[in-house]
Amino acid sequence: QVQLLESGGGSVQAGGSLRLSCAAFGYSYAIDSINCMAWFRQAPGKEREGVAAIYVGTSYTYYGDSLKGRFTISQDNAKNTVYLQMNSLKPEDTAMYYCAADHAVCGGGSLSGGRFDYWGQGTHVTVSS
């Protein structure tokens with residue numbers, strides 16, 4: 001019912017910045033009922049990690065440990081799009097980044113649970129030293 005399309009990944013040197021975008025497509029009633037959108041990432045050989053989440057239509061945001069301050073999640077509700085601004089990138093930020101959306105509201109445990117209704121295909125980020 002809802003499809004998520006990520007973009008903006010690529011290669012950057014350490015200290016650089018990237019902005020990821022996630023656009024939601026689908027029936028209006030389905031998109032309008034999305035309450036939480038988030039970014040997760042997974043590096044080779046590692047478990048999936050919650051990066052950031054945003055309660056749609058509000059200013060409530062949630063971040064993974066140690067990422068707040070370098071990463072910022074934002075939304076453009078008119079475009080059904082969520083962004084992830086990543087600054088001061090480090091080689092350890094290299095991963096596949098996935099967008100996720102859920103009908104349930106965001107909470108402090110959203111990033112650790114990872115139980116979202118919809119997932120994108122991912123966009124790869126490579127940070128070189």
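Phenylalanine 40 is buried, with a relative accessible area of 1%. The views below are taken from a predicted model, and a search of the whole structure finds five aromatic pairs.

**View 1. Phenylalanine 40 and phenylalanine 116 form an edge-to-face pair.** The ring centres lie 5.4 Å apart and the planes meet at 75 degrees, an angle over 60 degrees, so the pair counts as edge-to-face. Because phenylalanine 40 belongs to strand β4 (residues 36–42) whereas phenylalanine 116 sits in the loop between α2 (110–113) and β10 (118–119), the contact ties together parts that are 76 residues apart in sequence. Both phenylalanine 40 and phenylalanine 116 are buried.

**View 2. Phenylalanine 40 and tryptophan 119 form a tilted aromatic pair.** Here the distance is 5.0 Å centre to centre, with 50 degrees between the planes. Phenylalanine 40 lies in strand β4 and tryptophan 119 in strand β10, so this pair ties together parts that are 79 residues apart in sequence. Tryptophan 119 is partly exposed, with a relative accessible area of 28%, whereas phenylalanine 40 is buried.

**View 3. Phe40, Phe116 and Trp119 are linked into a cluster by ring pairs.** A charged group also meets the ring of phenylalanine 40: the charged end of arginine 48 sits over this ring, 5.4 Å from its centre.

**View 4. Arginine 19 lies over the face of tyrosine 83.** In this contact, arginine 19 is placed at 4.2 Å from the ring centre of tyrosine 83.

Note on methods
Residues are numbered from 1 along each chain as its sequence is written. This is a predicted model: local features need pLDDT of at least 70, side-chain atom pairs count only at pLDDT 80 or more; totals for chains, interfaces and linings use all residues. Side-chain values use heavy atoms; hydrogens and water are left out. Rings of Phe, Tyr and Trp (its six-membered ring) pair if their centres lie within 6.5 Å; planes under 30 degrees apart count as stacked, over 60 as edge-to-face and the rest as tilted. Helices (H or I, at least four residues) and strands (E, at least two) are DSSP runs, numbered from the N terminus. Buried means under 20% relative accessible area, exposed over 50%, partly exposed in between (1.4 Å probe, protein chains only). A charge sits over a ring if NZ of Lys or CZ of Arg is within 6 Å of the ring centre and within 35 degrees of the ring normal.
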